[in-house]
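Subject: Structure handover

Hello,

Here is the structure we talked about. Please open it alongside these notes.

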Amino acid sequence: MFRDHHAHRDFLRHLDHYVRDSQKILDAWDAYSDEHTDLDGWPYDDHAYGVRKSQRDADTAEAFETLRYGARHLLATAEIQLAQLPENAVQSRWVYQLGVLHTALDRLDELHEQWLLTRDALPATAKPGTAEFDEALAEHHAESWSYLDDWATHGKALREVNTAARKAPSPLVLTSALAPAQRTAARK
């Protein structure tokens with residue numbers, strides 16, 4: 001249990017970093033997009049716009065890697081915590097958000113498996129830095145981006161559930177009103 005508690009805190013820190021980093025990446029993308037598109041949203045330079053969008057996708061995927069290992073643990077823990085919370089402490093959106101995160105993580109795992117198959121099927125000459133490899137990887141990142149964005153958007157719910165669970169009264173903890181009376185009785 002002690003180890004799990006520390007691991008959970010570490011995973012929550014990874015989540016916080018991912019949410020923060022992905023927001024920075026998205027903000028930079030939005031600023032780029034605003035500057036490099038016309039009023040109708042059409043890019044001035046399709047190629048440059050596409051390259052920059054691929055960079056956004058790759059940066060977001062890279063930021064998620066530190067969270068990937070603990071994502072299932074965070075979801076499972078949040079579901080247990082949510083089930084144990086008093087009804088008045090639960091935000092109705094949390095169940096939906098956890099569902100979105102589950103779906104996104106399942107899809108990310110599927111896409112990762114597809115990427116491994118694609119990568120292994122590339123010719124031996126297709127290494128990082130070659131057009132064939134880089135284009136296949138960019139396609140993988142593009143397919144993954146919306147699910148990574150789901151984690152950036154809804155990941156905060158995992159932290160919120162954890163905070164609510166930590167603040168919720170526990171039947172194992174004495175309430176402050178009962179504690180002094182019981183200590184006095186024990187001294188007599």
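Which ring does the charged end of Arg-56 sit over? That ring belongs to Trp-145, and the charged end lies 3.7 Å from its centre. Bear in mind that this is a predicted model.

Arg-56 and Trp-145 also turn up in the lining of the largest cavity. That cavity holds about 40 Å³ of space. Its other lining residues include Tyr-18, Leu-26, Thr-60 and Asp-149. Helices α1 (2–35), α2 and α4 each give at least two residues to the lining. By class, the lining has six nonpolar, two polar and two charged residues.

Next, the second largest pocket. Its volume is about 160 Å³. Two or more lining residues come from each of α2 (46–84), α3 (93–121) and α4 (131–154). Among the lining residues are Glu-62, Glu-65, Arg-68, His-112, His-140 and His-141.

Now the aromatics. The whole structure has seven aromatic pairs. Trp-29 and Tyr-32 are stacked, at 5.9 Å centre to centre with 25° between the planes. They sit three residues apart in helix α1, so about one helical turn separates them.

Two last items. Arg-52 lies over the face of Tyr-32, 5.7 Å from the ring centre. Ring pairs join Tyr-18, Phe-64 and Trp-151 into a cluster.

Best wishes

Methods
Residues numbered from 1 in each chain as written. Predicted model: local features only at pLDDT ≥ 70, side-chain atom pairs only at ≥ 80, totals over all residues. Heavy atoms only, no water. 1 Å grid on protein atoms, 1.4 Å probe; cavity = no way out; pocket = protein on both sides within 12 Å on 5 of 7 lines; lining within 4 Å. Points joined across faces, edges and corners; volume = space filled by probe spheres on them. Helix = DSSP H or I, 4+ residues; strand = E, 2+ residues; numbered from the N terminus. Nonpolar A, V, L, I, M, F, W, Y, C, P; charged D, E, K, R; others polar. Phe/Tyr/Trp six-rings, centres within 6.5 Å; stacked < 30°, edge-to-face > 60°. Lys NZ or Arg CZ within 6 Å of the ring centre and 35° of its normal.
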